[in-house]
Amino acid sequence: MADLEGLKVAKDYHVDTPFANQDGFFLKGANSLDWGMKRHLSNIFNPKSGNTVMFAFDHGYFMGSTSGLERLDLLLPKLAPYVDCFMGTRGAIRTCVPPHLTNAVALRVSSGSSMLQDDLSHEVVAVDIEDSIRMNADCMAVQTFIGADGQLSSLDNLNRVINAGMRYSIPTLGVCAVGKDMARTDKFFKLATRIIAEMGCQIVKTYDCENFEEVVAACPVPIVVAGGKKLSEPDALKLAYGVMQKGARGVDMGRNIFQSTHPVEMAQAVNKIVHEGYTDKEAYEFFQDMIHS
Ligand code: R5P
């Protein structure tokens, strides 16, 4: 391991220079993957825009029933036309997503904590690769806690899932979790997203932060951004627009869609930003038109 003394701070991100090793496939970092991986990634990311709207409804895996997600069976079919990918647990997906819906599936495969605990950073791999294959998962999502108590075991979980995914050509989505003692700084996200990408996952999920474009530039695989706590609709759309402008390849949004007064219209408005280049203001006008029509 390199000596940490005298370590220089990274600064040359070349944020205006496109990723260099990208001939042949539209997604960053995926050039050397095989057909099956690329096919799964193309199910998640629209090959035309290169972007994705993931709808995150995996909150129940540690929060139980959450406001807005009480009836997944009613909500998910309504959102299906406007989101590229459903991100959830196998329990929620098997029971509430009708199999004729062809949205991509981001299957949460790590779990083990609940909101009743103070420290959520200890998880295990709960879903084996055979069940991910049976569910036709397009990627497997693993919570990863850099700098938290559970760092070692969460990196072990991540690597086990990546190893299994490499055997069967299923991508892994590394979810960058913010441990209770971590601050949401660009310094933390640069460290954590890069560590997660270097483990070998094909997609990283993280949060917006200052200098987000540098986080993106230093991460050799596509980044999707979590929505985080519920904001007003204009603010949530501003978040989505801002991260797309700074190089995210999509959003993995939960509460800002399912806790909106109008989840379906909100999903449509986010879709306009992610795939059609709407600004946040144009998307909010669209949202208003939709809810008043
Ligand atoms: C992450 O680990 C959570 O389970 C959610 O998938 C994630 O936080 C995205 O949802 P939200 O937009 O509500 O933050």
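This is a predicted model: local features need pLDDT of at least 70, side-chain atom pairs count only at pLDDT 80 or more; totals for chains, interfaces and linings use all residues.
Reader: In what order do the eight strands close into a barrel?
Author: The pairing between the strands is parallel. From one strand to the next, the twist averages 25 degrees. The eight strands close in the order E1-E2-E3-E6-E7-E8-E9-E10.

Reader: Which residue in E3 is the bridge partner of Met87?
Author: E2 and E3 pair in the parallel sense, over four bridges. Within E3, the partner of Met87 is Ala106.

Reader: At about what angle to E7 does helix H7 run?
Author: Helix H7 comprises residues 186-198 and lies across E6, E7 and E8. Strand E7 covers residues 172-177. Relative to E7, helix H7 runs at about 155 degrees.

Reader: Which residues of helix H1 are buried?
Author: Helix H1 spans residues 35-44. The cover over its buried residues includes strands E1, E2, E3, E6 and E8, together with helix H6 (151-168). Buried here means under 20% relative accessible area. The residues of H1 that are buried are Gly36, Met37, Lys38, His40, Leu41 and Ile44.

Reader: How much of the area that the ligand exposes alone does the protein bury?
Author: The ligand is surrounded by 16 residues, the closest being Asp58, His59, Lys205, Gly254 and Arg255. Polar side-chain atoms lie at 2.8 Å from a ligand oxygen atom for His59 and at 2.7 Å for Lys205, while a polar backbone atom of Gly227 is 3.0 Å from an oxygen atom of the ligand. Taken alone, the ligand exposes 360 Å², and the share of this that the protein buries is 96%.

How values were computed. Residues are numbered from 1 along each chain as its sequence is written. Side-chain values use heavy atoms; hydrogens and water are left out. Buried means under 20% relative accessible area, exposed over 50%, partly exposed in between (1.4 Å probe, protein chains only). Helices (H or I, at least four residues) and strands (E, at least two) are DSSP runs, numbered from the N terminus. Contact means heavy atoms within 4.5 Å. Two strands pair if DSSP finds at least two bridges between them. Axes are lines fitted to C-alpha atoms, for helices over the stretch in contact, and angles run from 0 to 180 degrees between N-to-C directions. A residue is near a molecule or strand if one of its heavy atoms lies within 4 Å of it. A polar contact is a pair of N or O atoms within 3.5 Å; within protein, one must be able to donate a hydrogen and the other to accept it, and residues adjacent in sequence count only if both atoms are side-chain atoms. Accessible areas come from the Shrake-Rupley method with a 1.4 Å probe; for residues, only the protein chains shown count as cover.
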